[in-house]
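Please look at the sequence and the model before reading each solution.

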Amino acid sequence: MIYIPNMITIGNFICGILAVHSLLFHHVHSAIMLIFTGMFFDLFDGLAARKLNVVSEIGKELDSLADLVTFSVAPSMLAYSVSLYELPLIGLLCALAFSVCGMLRLARFNAEQSKLSTFIGMPAPFAAICLVVLSFVHNPVILAIGTCVLAYLMVSRAKFPHFKSQAPENVETQGWN
């Protein structure tokens, strides 16, 4: 029972890796479905950890690593594959900016914000949803601007509501320590 939340997190990670793999073979729809399936896993890993009373630091770190792939790297590669490639250097820089800002946002969350009642900066999963939807515009200039705006919002100090219930103050270190 103590490994269930981490296995769910690994499901999120696998979805992100498979989304990237799908994009290498130009299977855009599969990549989109895998990103959203990863979101489903991400929604339930923390919930499972809290319900089973096995919240751990390792689980928090695993979650961020999985989120980096599924909600930063895969969506930026999707945006590049769909339309940003038409702006060779600018498109690549925008995709890289989104991934790097996602990485910074996730690191800042773990270091400073995991116990706060609001998010500071746009959460990576929400930014990923926005970028996936924005990718349907098929206009490279609009997508480039939108990608940069979303990247900025992830590292900004803007407050976003926190819908997950908070982890207990006393974090247990059960499971994969």
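**Exercise 1: the helix H1**

Task: describe the length of helix H1 and say which residues are buried in it.

Solution. Helix H1, residues 4-24, has 21 residues and reaches 30 Å from its first C-alpha to its last, close to the 30 Å expected at 1.5 Å a residue, where the expected span is 1.5 Å times one less than the number of residues. Helices here are DSSP runs of H or I with at least four residues, numbered from the N terminus. This is a predicted model, in which local features need pLDDT of at least 70 and side-chain atom pairs count only at pLDDT 80 or more, while totals for chains, interfaces and linings use all residues. Residues are numbered from 1 along each chain as its sequence is written, and side-chain values use heavy atoms, with hydrogens and water left out. Among the buried residues of H1 are Ile8, Cys15, Val20 and Leu23 (buried means under 20% relative accessible area, exposed over 50%, partly exposed in between, with a 1.4 Å probe and protein chains only).

**Exercise 2: H1 beside H2**

Task: how are H1 and H2 oriented?

Solution. The axes of H1 and H2 come within 8 Å and cross at roughly 165°, which makes H1 roughly antiparallel to H2 (angles over 145 degrees count as such; axes are lines fitted to C-alpha atoms, for helices over the stretch in contact, and angles run from 0 to 180 degrees between N-to-C directions).

**Exercise 3: Met77**

Task: where is Met77 placed, and which residues does Met77 contact?

Solution. Met77 lies in helix H3, residues 57-82, and counts as partly exposed because its relative accessibility is 26%. Leaving aside neighbours within four places in sequence, Met77 is in contact with Val20, Leu23 and Leu24 (contact means heavy atoms within 4.5 Å).

Technical notes: Helices (H or I, at least four residues) and strands (E, at least two) are DSSP runs, numbered from the N terminus. Angles under 35 degrees count as roughly parallel, over 145 as roughly antiparallel, 65 to 115 as roughly perpendicular and the rest as oblique.
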